[in-house]
Amino acid sequence: MNRIIGTTLACAGLLTATAACGGSDSGGESDGPVTVTVMTWESPETNTAIKKALEGFKDDNIKVELVDTPSGGYGDKLASLTQAKKLPDLFWCGNDTEQQYTSQGLLVDWSKRLDSGDGELKADKFVGSAMENWKTGDGQMGGLPSLMNTYGVWYNADAFKAAGIAEPKGGWSWDEMYAAAGKLAGKNGAKYGLVADQLTSLDGPFTMSMYSVSAGGAPFTDNVNRPTKAEIDGKFTEGVEKLAAAIKSGAVAPPGYDASNVPALFSGGKVPMMFGGQWLAAGFQTDKPKIKYGFAPFPQVQTPTTLYDSVGICTPQYTKNEDASYKVLEYINTKVWDAVLPASPVAPPAYTPAQESYFSALTKAGQNTVVDTVKADLAAEKTVGVRFTTQWASQVGDLTTAMYQPILNGKKPVSDLQGYVGKINELIKSQG
């Protein structure tokens with residue numbers, strides 16, 4: 001899988017040859033098996049694995065077809081198919097897409113099928129935070145979560161050893177992280193000790209929310225799907241002050257740093273620490289970095305707190321094969337990952353009975369720190385969302401660019417945080 005998350009990440013694929021997009025208007029009991037079309041954002045290699053796994057789906061009344069998607073062009077294709085009302089019966093979607101499309105009445109609501117208890121899928125077998133975040137305000141679910149994204153800190157174990165620093169592990173503190181970044185900056189070709197794009201990018205305030213919540217403070221927002229307020233309290237401000245100081249000292253890369261090539265620089269030993277997701281493990285397993293590396297949970301103040309995020313699979317409201325689509329969806333969640341993840345352990349399934357194959361593959365590959373950190377993330381006592389999923393989220397991004405990032409860069413005082421969050425609350429209020 002190329003990527004896994006969010007508004008804009010991730011991938012997977014399907015059976016019989018590539019087919020033209022066009023929903024599910026072929027087949028039916030009167031003229032043969034119905035056809036369920038599937039579109040993923042996965043790499044060709046992962047699609048090949050999924051295609052093979054789907055060959056195990058046996059139903060004389062259902063055929064499955066893979067919709068071809070140009071590499072890297074998933075978002076554009078999704079937009080054009082949505083506009084043309086030709087979405088496949090099952091398509092990979094981010095949580096934000098699911099929330100927005102469901103609110104517009106574009107997706108099939110699967111909540112009643114889960115609640116009925118019929119079939120193999122059971123609601124209580126999914127990761128709880130994923131299920132909660134995929135529900136709309138009125139309890140609908142325009143898709144089902146499929147894979148979880150967990151996050152943490154990737155570190156160069158060789159660099160830590162050379163600098164005489166203990167490797168990070170569960171329970172380490174934010175102060176320890178910044179101190180290590182300070183010692184690693186400027187060593188062995190590394191300009192910064194830590195590249196933490198998730199802290200300094202447009203999603204930064206949500207990531208900083210981990211600090212305040214872990215310290216017993218308030219989250220940045222009460223709900224990423226249906227926010228009624230944003231808040232910056234004393235604990236959040238304390239976290240921002242520490243980050244701004246680390247940026248000023250040169251320990252942490254500032255906002256605007258080009259993070260697109262950071263995983264490659266990390267593999268080459270030029271970035272000692274970076275924030276990132278568990279999906280990088282699959283690439284490292286293939287590409288074999290020159291360094292010894294590890295994956296640690298995010299630091300904490302008191303209570304273990306992390307980000308939650310998941311991707312899933314959605315079905316358009318105008319599908320003509322709702323029952324058949326659900327059968328294939330059920331098969332993907334309960335059977336396909338067991339066949340695909342051993343070769344490409346990109347993410348833990350949201351359906352917990354299917355997680356064992358993922359962890360077994362990582363353990364077999366010696367990626368023990370990844371196993372430990374992903375399990376710690378999934379069991380974290382507190383979680384915060386990665387970004388707003390609302391249609392007006394981009395306007396918050398504009399405010400973050402104009403008002404939050406300059407604070408991190410030291411161009412505006414920390415006292416301006418209240419003005420920033422005030423603008424966001426005005427926006428929330430204006431959206432009803």
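Guide: Contact means heavy atoms within 4.5 Å. Helices (H or I, at least four residues) and strands (E, at least two) are DSSP runs, numbered from the N terminus. The model is predicted: local features need pLDDT of at least 70, side-chain atom pairs count only at pLDDT 80 or more, and totals for chains, interfaces and linings use all residues. Residues are numbered from 1 along each chain as its sequence is written, and side-chain values use heavy atoms, without hydrogens and water.

Visitor: Which residues in helix 10 meet helix 16?

Guide: F236, V240, L243, A244 and I247 in helix 10 meet Y404, I407 and L408 in helix 16. This contact comprises 8 nonpolar, no polar and no charged residues; Ala, Val, Leu, Ile, Met, Phe, Trp, Tyr, Cys and Pro count as nonpolar, Asp, Glu, Lys and Arg as charged, and the others, Gly among them, as polar.

Visitor: How do the axes of helix 10 and helix 16 cross?

Guide: The axes of helix 10 (residues 234-249) and helix 16 (residues 393-408) come within 8 Å and cross at roughly 60°. Axes are lines fitted to C-alpha atoms, for helices over the stretch in contact, with angles from 0 to 180 degrees between N-to-C directions.

Visitor: Why are strand 6 and strand 8 said to pair?

Guide: Two strands pair if DSSP finds at least two bridges between them; strand 6 (residues 151-156) and strand 8 have 4 bridges, in the antiparallel sense, and therefore pair. V153 has A296 in strand 8 as its bridge partner.

Visitor: What makes strand 7 and strand 8 edge strands?

Guide: In the open sheet, ordered 7-6-8, strand 7 (273-277) and strand 8 (293-296) each pair on one side only.
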